[in-house]
Amino acid sequence: MDIPAALGGVSTALTIVKQLNDIDRRVDEAGFKLRIAEATSALAEAKLGLVDAQEDIRSKEAEISSLRSLLKRKEETVERSGYRYRCDANKNPIGTALCPVCMDEGRFVLTIQSDQSGRPYVCPKCKANFGYLSAFQDP
Ligand SMILES: [Zn+2]
């Protein structure tokens, strides 16, 4: 975010505009034009800084919205033995644990058993192995 640069540009432009009052235009036409050019340049720099800042703000707003949505989704889970599970309206856990590695990255991925014979639970996305975890009835 380039707000300091934008503020610097505006401040410079204001200083120059104030100095324009002190120049006798009829006597110093070249000096007058030079100060106008400097003010224009400072304002152009300020505009660029504000465009950057606006872009940053939009990006942060999108990130906040995404995090709010993740937080809401996380609130719809319950924790059991250090792992999060989907839950019913009474906050009873459902099914297998959610992968905590993926959850930290904003993904909700259910762990699965590595085979059908009661093997450790793994994440199908990041391949993390969590050993033997509790699993609950999945209606
Ligand atoms: Zn994972």
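**Exercise 1.** State what geometry the four donor atoms around the zinc ion adopt, and why.

*Solution.* The four donor atoms subtend angles of 103 to 117 degrees at the zinc ion, and the arrangement is therefore tetrahedral, a label given to four donors if all angles lie between 85 and 135 degrees. Ideal angles for four tetrahedral donors are 109.5 degrees. The donors, meaning N, O and S atoms within 2.8 Å of the metal (3.2 Å for Na, K and Ca), are the SG atoms of C99, C102, C123 and C126, at 2.2 to 2.4 Å. Along the chain they follow the spacing C-x2-C-x20-C-x2-C.

This is a predicted model, in which local features need pLDDT of at least 70 and side-chain atom pairs count only at pLDDT 80 or more, while totals for chains, interfaces and linings use all residues. Residues are numbered from 1 along each chain as its sequence is written, and side-chain values use heavy atoms, with hydrogens and water left out.

**Exercise 2.** Decide whether C99 and C102 are buried or exposed, and find which nonpolar core holds them.

*Solution.* Both C99 and C102 are buried, that is, under 20% relative accessible area with a 1.4 Å probe and protein chains only (exposed is over 50%, partly exposed in between). Both belong to the largest nonpolar core, which has 12 residues, among them C123, V78, Y85 and L133; such a core joins buried Ala, Val, Leu, Ile, Met, Phe, Trp, Tyr and Cys residues through side-chain atoms within 4.5 Å.

**Exercise 3.** Determine in which sense β1 and β2 pair.

*Solution.* Strand β1 (residues 77–80) and strand β2 (residues 83–87) pair in the antiparallel sense over four bridges, where pairing requires that DSSP finds at least two bridges and a strand is a DSSP run of E with at least two residues. V78 stands opposite Y85 in β2. Two residues lie between the strands of this hairpin, in which S81 takes a positive phi near 50 degrees.

Methods:
Tetrahedral: all angles 85-135°; square planar, octahedral: opposite > 155°, others 65-115°.
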